[in-house]
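Subject: Structure handover

Hello,

Here is the structure I promised to pass on. Please have it open while you read the notes below it.

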There are 2 protein chains.
Amino acid sequence: MSTRSKITYTFTDEAPALATYSLLPIVKAFAASAGIDVETRDISLAARILASFSDRLGADKKVEDDLAQLAALATSPDANIIKLPNISASVPQLKGAIAELQALGYDIPAFPEDPQTDAEKEIRARYSKVLGSAVNPVLREGNSDRRAPAAVKAYARKHPHSMGKWSMASQSHADYMRGGDFFSSEKSITMDKAGDVRIEFVGKDGKVEVKKQLHLEAGEVFDGMFMSCKKLRAFFEKTLQDCKETGVMWSLHVKATMMKVSHPIVFGHAVSVYYKDVFEKYGKLFDELGVNPNNGLSSVYDKIKALPASQQEEILHDIHEVYSHRPEMAMVDSVKGITNLHIPSDVIVDASMPAMIRNSGQMWGKDGKQKDTKAVMPESTYARIYQEMINFCKTNGAFDPTTMGSVPNVGLMAQKAEEYGSHDKTFEMKADGTMRVVLADGTVLFQHEVEAGDIWRACQTKDAPIRDWVKLAVTRARQSNTPAIFWLDPERAHDRELRQKVETYLKEHDTSGLDISIMDYNQAIRVSMERLIRGKDTISVTGNVLRDYLTDLFPIMELGTSAKMLSIVPLMAGGGMYETGAGGSAPKHVQQLLEENYLRWDSLGEFLALAVSLEDTGIKTGNAKAKILGKTLDEATGKLLDNNKSPARKVGELDNRGSHFYLALYWAQALAAQDEDAELKAHFAPLAKTLSEKEATIVAELNGAQGKSVDIGGYYRSNPELTSKVMRPSATFNAAIDALS
Amino acid sequence: MSTRSKITYTFTDEAPALATYSLLPIVKAFAASAGIDVETRDISLAARILASFSDRLGADKKVEDDLAQLAALATSPDANIIKLPNISASVPQLKGAIAELQALGYDIPAFPEDPQTDAEKEIRARYSKVLGSAVNPVLREGNSDRRAPAAVKAYARKHPHSMGKWSMASQSHADYMRGGDFFSSEKSITMDKAGDVRIEFVGKDGKVEVKKQLHLEAGEVFDGMFMSCKKLRAFFEKTLQDCKETGVMWSLHVKATMMKVSHPIVFGHAVSVYYKDVFEKYGKLFDELGVNPNNGLSSVYDKIKALPASQQEEILHDIHEVYSHRPEMAMVDSVKGITNLHIPSDVIVDASMPAMIRNSGQMWGKDGKQKDTKAVMPESTYARIYQEMINFCKTNGAFDPTTMGSVPNVGLMAQKAEEYGSHDKTFEMKADGTMRVVLADGTVLFQHEVEAGDIWRACQTKDAPIRDWVKLAVTRARQSNTPAIFWLDPERAHDRELRQKVETYLKEHDTSGLDISIMDYNQAIRVSMERLIRGKDTISVTGNVLRDYLTDLFPIMELGTSAKMLSIVPLMAGGGMYETGAGGSAPKHVQQLLEENYLRWDSLGEFLALAVSLEDTGIKTGNAKAKILGKTLDEATGKLLDNNKSPARKVGELDNRGSHFYLALYWAQALAAQDEDAELKAHFAPLAKTLSEKEATIVAELNGAQGKSVDIGGYYRSNPELTSKVMRPSATFNAAIDALS
């Protein structure tokens with residue numbers, strides 16, 4: 001090999017950071033055999049705080065701004081970043097970290113709760129940059145590549161999760177609007193040159209209200225669409241009547257979290273239609289009390305607490321009356337009496353629909369029993385894919401995890417592409433009139449006649465991300481030798497614009513021998529499912545919302561969870577970022593380690609991300625050894641899953657460190673067993689032998705350390721020596737790994 | 001125009017022949033304006049008898065063999081044949097015709113019921129050629145082109161038939177075997193050169209029984225497949241259990257008429273599984289009585305009549321007991337208590353499934369009420385298209401005849417292609433063993449391990465018809481500017497062979513600008529339906545069975561009936577045959593004419609066939625006037641339908657002759673109104689004027705003739721002068737038509 005390559009491993013917070021102390025030495029030792037350096041970048045909350053105030057720290061305590069370096073790296077072709085979960089800090093967390101750092105002798109200022117002076121304001125501004133989701137927006141400079149790793153897929157095939165049987169006579173279905181929704185009103189244009197646009201409302205009186213001003217790039221796709229309030233409410237009423245007639249249970253599936261302006265309004269209409277009698281009877285009172293149906297029926301329960309007991313009882317009685325003539329509603333918690341309409345964030349479509357489909361197409365009724373269900377999803381654009389899958393399951397039975405193929409996803413998301421939920425471009429109409437999108441020179445790009453209550457929204461998609469997305473699709477199709485389908489609906493305005501670009505950009509690539517097609521959503525999911533039940537894989541190449549939905553839908557069928565998916569962000573500049581797992585940085589796990597020296601954190605996400613990072617390094621730099629390292633790491637992970645060597649939950653059993661030992665053992669064994677590279681074989685054979693022979697000793701040393709409290713010298717910035725000692729308690733194992741270098 | 005062209009109109013029997021006396025003079029007069037001669041060929045039963053014995057007739061009574069001439073014409077590129085329904089003579093009909101002809105002075109021999117002498121045997125042989133379906137096999141030298149004529153389609157859009165609403169919560173579905181059926185065992189080969197093959201059964205003892213010997217042509221496709229008896233019976237039991245659990249009604253849909261060996265056996269298994277308790281209890285008795293479940297439960301009722309009353313009652317009691325633990329079964333006639341399993345020919349899949357789908361997916365229960373139904377169709381090959389349509393209707397609602405597009409069909413059928421029902425190559429296995437297809441040199445082409453009771457069958461498809469079918473598909477796609485989909489399933493052995501040929505033969509044609517694709521059945525019907533509900537047409541290019549099924553399924557959705565379809569047989573030699581209507585030659589209509597001079601026959605089929613015959617003449621000979629005649633005839637037919645000028649049913653109302661008058665009026669008006677051809681416009685303007693002005697007079701003359709008995713001088717060979725006089729009673733109308741020449 002001519003040049004050494006580099007993998008950048010992020011040092012983050014809490015449990016993943018602790019696990020890094022154990023795992024990283026192993027990774028470094030293995031990677032070195034392929035000439036790969038594994039460097040770290042500390043993007044922990046503590047490091048980010050210190051970097052923000054490095055001008056105030058002495059030379060000995062100075063901390064580099066690793067996040068800034070990482071962000072710069074993300075826009076360089078050499079980036080190969082393993083991104084572990086980090087703290088998205090709330091104010092209490094930030095304050096805790098500040099206190100700990102101050103105690104460690106770092107001269108950083110207190111958090112100014114209510115900044116007054118310019119100095120305080122400047123401090124507050126620095127801290128603000130550290131708060132919340134401060135890492136992902138900086139690093140996600142690419143589109144999304146999500147797939148089930150081979151090892152996880154193999155595990156699911158051998159140890160399938162339960163799947164509820166489907167009856168051909170099932171009455172369950174997904175129902176959606178046939179007109180009057182975003183789908184049917186969507187208009188879309190592509191900017192031929194850069195320009196400023198205004199989103200305006202023109203009232204019946206001709207008065208113009210500018211809602212938003214934007215700068216659009218050349219080649220940017222811009223869409224506008226609206227949902228009719230009247231038609232939405234009529235649709236809800238129709239679905240309720242239909243359920244009443246057919247006896248099928250009613251349920252609502254929206255995504256009020258992501259579509260955080262539009263979907264709470266949609267949800268609110270569902271509440272005020274279902275409980276129409278109550279909202280009509282108490283309309284004035286509810287207004288006075290500040291009841292907001294967009295917050296669910298719980299808003300009624302909350303607000304009426306201010307009323308006298310007798311009046312509360314009357315309202316509660318009327319709410320109960322509603323149930324006597326409305327159809328049965330799916331329950332979130334039948335024991336506690338929490339319905340589908342209680343809280344807008346309880347039922348999130350991308351999780352709730354796969355769960356329903358896995359559960360024989362049924363949800364739970366108020367008696368706690370499973371029942372056939374009408375899944376109401378007003379917006380038809382994406383709802384149809386669920387109806388397609390329901391029909392498919394009725395016809396072909398439930399998916400079989402032991403034989404089914406896979407549907408990986410290549411999703412358009414870079415530079416906030418297709419952020420339909422974008423609340424800054426979503427408006428609830430206050431009056432009848434016209435919504436229009438106008439160029440600076442007054443040219444009207446498109447417009448919609450709207451009525452009071454309608455929900456209007458716009459969506460942006462820049463050109464460069466689309467071009468990159470096409471490239472990513474071709475690359476994935478080539479690398480995995482798998483057919484790829486672009487999900488673009490010729491009946492959708494936005495998709496017609498995208499289709500033109502896709503057809504253009506596909507010509508920039510060698511697609512010979514590849515099976516790349518463009519289909520509408522129904523056909524795309526149907527073809528993918530027909531292949532799925534025949535054990536075949538199909539890449540779904542989709543927009544941002546479908547990316548979100550499909551990377552739950554298919555993984556939940558295939559793997560029983562979407563948490564075990566590989567989540568790769570091939571950066572537009574040419575580098576790669578490999579995100580590990582979901583579910584945050586697990587503060588409870590830290591507590592358990594401190595109290596009983598047991599770390600429950602599962603590094604599966606890191607194993608998977610590392611394998612693909614190595615594979616990618618191999619491909620990009622022509623490093624055959626790196627490819628073999630990646631392949632054998634996948635084998636090792638598979639064996640680890642098979643042999644149930646993932647961390648358990650209790651002292652005395654294998655924990656995070658023990659699972660790392662087995663990973664090293666299996667990885668070394670796989671390298672010693674392979675015959676593609678004699679050098680690697682020879683290099684790892686002794687380690688495989690040692691670890692194998694000393695398995696009992698090492699496990700005894702690892703597990704023997706458990707059971708007593710430990711001190712690692714800090715929470716947000718633990719002492720490296722202390723932490724390393726705690727996280728590497730087996731002298732035998734450490735010696736074997738160190739001997740590799 | 002350089003050459004005069006020719007249309008050959010068949011003179012047949014009974015009502016269509018009577019109608020010809022009225023219609024033909026009109027047709028001749030109109031066709032002459034485009035330089036087209038309309039000649040007739042008499043293929044009536046009487047003419048065919050006389051032609052068979054022309055050597056015995058005097059020179060004055062000699063009759064030419066028009067059918068032989070027509071058959072010769074069918075293999076010539078010049079053929080343009082309008083084929084009306086004719087008598088497929090039974091022996092009583094034949095004897096009636098002989099008697100009539102003898103009375104008319106024709107010296108023909110009596111029908112020898114029991115021929116003994118060589119002379120008698122020779123006579124009998126001549127008569128045998130006249131018996132039964134003697135015309136179609138001689139003439140159908142081509143594939144099938146069926147479509148809804150523009151006029152009929154327009155009528156259906158304006159006057160839609162009723163369509164039952166579909167509920168998204170419908171439990172109806174089509175259920176079929178998942179393995180063990182013909183689909184899953186199908187093997188197929190293409191002969192690289194001509195050769196003789198044997199179909200053999202090899203017993204477990206090694207004994208070989210030759211079941212059939214065949215000569216196969218080079219390029220011929222030959223398939224073998226079997227249905228497992230055990231799996232079929234297990235499947236029936238499973239469907240019954242499923243219905244019992246879900247409360248969905250059970251129904252069976254086979255085609256015992258066409259698949260006349262295999263499907264009665266399948267039907268028989270359904271009977272003996274449903275009534276398992278009865279057949280187990282009385283097995284021996286039923287054998288002795290000769291009960292055959294393949295003939296339905298009616299066979300039990302018939303045969304037990306031989307038993308004492310008390311024993312009959314016991315059996316009937318046990319049959320009724322069955323209903324207490326079996327699911328409810330769909331009824332053919334709930335009033336008479338005739339179930340789905342009573343008689344094998346009562347429920348024929350290609351008619352029963354469209355009826356069910358038009359009827360909200362429901363069939364009738366024993367209480368006479370509509371209910372959701374499991375439609376059981378064991379063989380999965382074609383059953384899946386019905387499930388696909390059911391899922392589609394659940395999702396999108398019932399089809400809307402006022403807006404839906406059309407699915408015309410190009411069907412492979414020439415030279416008995418894909419005659420799956422062919423009883424001479426279908427065998428019910430008597431024992432376990434091997435069925436194999438062997439070349440003369442002993443090479444085994446393919447084989448199946450079978451068990452006693454399994455149904456094995458073979459299917460032939462010659463190469464030339466396939467090539468012609470591809471050509472026909474391209475021609476239709478070009479002429480109608482409509483996308484065409486070849487329905488070929490890559491998972492089916494036979495279809496894989498055909499697909500290769502289709503891909504090869506498509507290259508023989510200029511397909512530039514055409515949208516021709518190949519899809520599996522599910523995808524093909526789905527794409528066709530998605531287009532259908534958007535008002536778009538799609539040509540289905542299918543094998544023989546799908547031709548049969550689809551030309552009922554789509555027409556019944558689109559038009560409410562399949563009787564109004566155009567049925568064209570483009571002859572392989574280049575000519576065309578245009579079949580008119582279905583439903584036989586209507587002897588009852590003749591009786592009504594004789595008794596009250598009222599002919600109820602509807603010549604719609606002739607109008608439609610003639611229009612396309614004229615259009616085809618126009619295209620083939622570059623005769624623009626012929627094209628205009630065809631187009632205006634379609635317009636006239638549309639107007640006739642719109643204005644309700646089809647024959648009524650009772651004396652005093654418009655009959656066949658009156659509808660011909662209105663056709664002539666509207667046709668002349670359309671020609672006078674068009675501006676494409678000034679000559680035609682000028683030629684027909686006077687006629688349009690005359691007929692329009694004299695409408696009241698003509699209708700009075702036509703309807704005034706009704707109400708008294710008439711004599712036409714014969715039934716099988718009526719007197720031409722007498723018949724013509726009866727069928728053309730309006731002097732005013734006759735004069736107007738005659739004036740055209």
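Start with B:S22, which is in contact with B:N656, B:R657, B:H660, B:M727 and B:R728, leaving aside neighbours within four places in sequence; contact means heavy atoms within 4.5 Å. The side chain of B:S22 also makes a polar contact of 2.6 Å with the side chain of B:H660. A polar contact is a pair of N or O atoms within 3.5 Å; within protein, one must be able to donate a hydrogen and the other to accept it, and residues adjacent in sequence count only if both atoms are side-chain atoms. B:S22 sits in helix α1 (residues 14–32) of chain B. Helices (H or I, at least four residues) and strands (E, at least two) are DSSP runs numbered from the N terminus. With a relative accessible area of 5%, B:S22 is buried. Buried means under 20% relative accessible area, exposed over 50%, and partly exposed in between, using a 1.4 Å probe and protein chains only.

A word on how to read all this. This is a predicted model, in which local features need pLDDT of at least 70 and side-chain atom pairs count only at pLDDT 80 or more, while totals for chains, interfaces and linings use all residues. Residues are numbered from 1 along each chain as its sequence is written, chains are lettered from A and ligands numbered from 1 in the order in which they are written, and side-chain values use heavy atoms, with hydrogens and water left out.

Also in chain B, B:I98 belongs to helix α4 (residues 91–103). B:I98 is buried at 3% relative accessibility. Not counting residues up to four places away in sequence, B:I98 touches B:I49, B:I108, B:P109, B:A110, B:F111 and B:Y127. B:L45 is 53 residues from B:I98 along the chain, and their C-alpha atoms are separated by 9.6 Å.

Next, the annotated site in chain A. An unreviewed UniProt entry places the feature "binding site" at A:D350, A:D548 and A:D552. These residues span 203 residues in sequence, yet no two of their C-alpha atoms are more than 7.3 Å apart, so they gather at one spot. UniProt positions are given in the numbering used here, feature names are shortened, and annotations may be inferred rather than shown by experiment.

A:D350 lies in helix α15 (residues 349–358) and is buried, at 4% relative accessible area. Beyond four places in sequence, A:D350 touches A:K255, A:Y386, A:D548, A:Y549 and A:D552. A:D548 is in helix α20 (residues 544–559) and is also buried, at 12%. Its contacts, counted in that way, are A:K255, A:M258 and A:D350. The side chain of A:K255 makes a polar contact of 2.5 Å with that of A:D350, and one of 2.2 Å with that of A:D548.

Finally, chain A as a whole. Chain A has 28 helices and 24 strands. Along its principal axes the C-alpha trace spans about 80 × 65 × 60 Å. Of its 741 residues, 59% count as buried. In strand β2 (residues 36–42) of chain A, 5 of the 7 residues are buried. Strand β1 (residues 5–11) runs parallel to β2(A), joined by 7 bridges; two strands pair if DSSP finds at least two bridges between them. A:S5 stands opposite A:I36 in β2(A).

Regards
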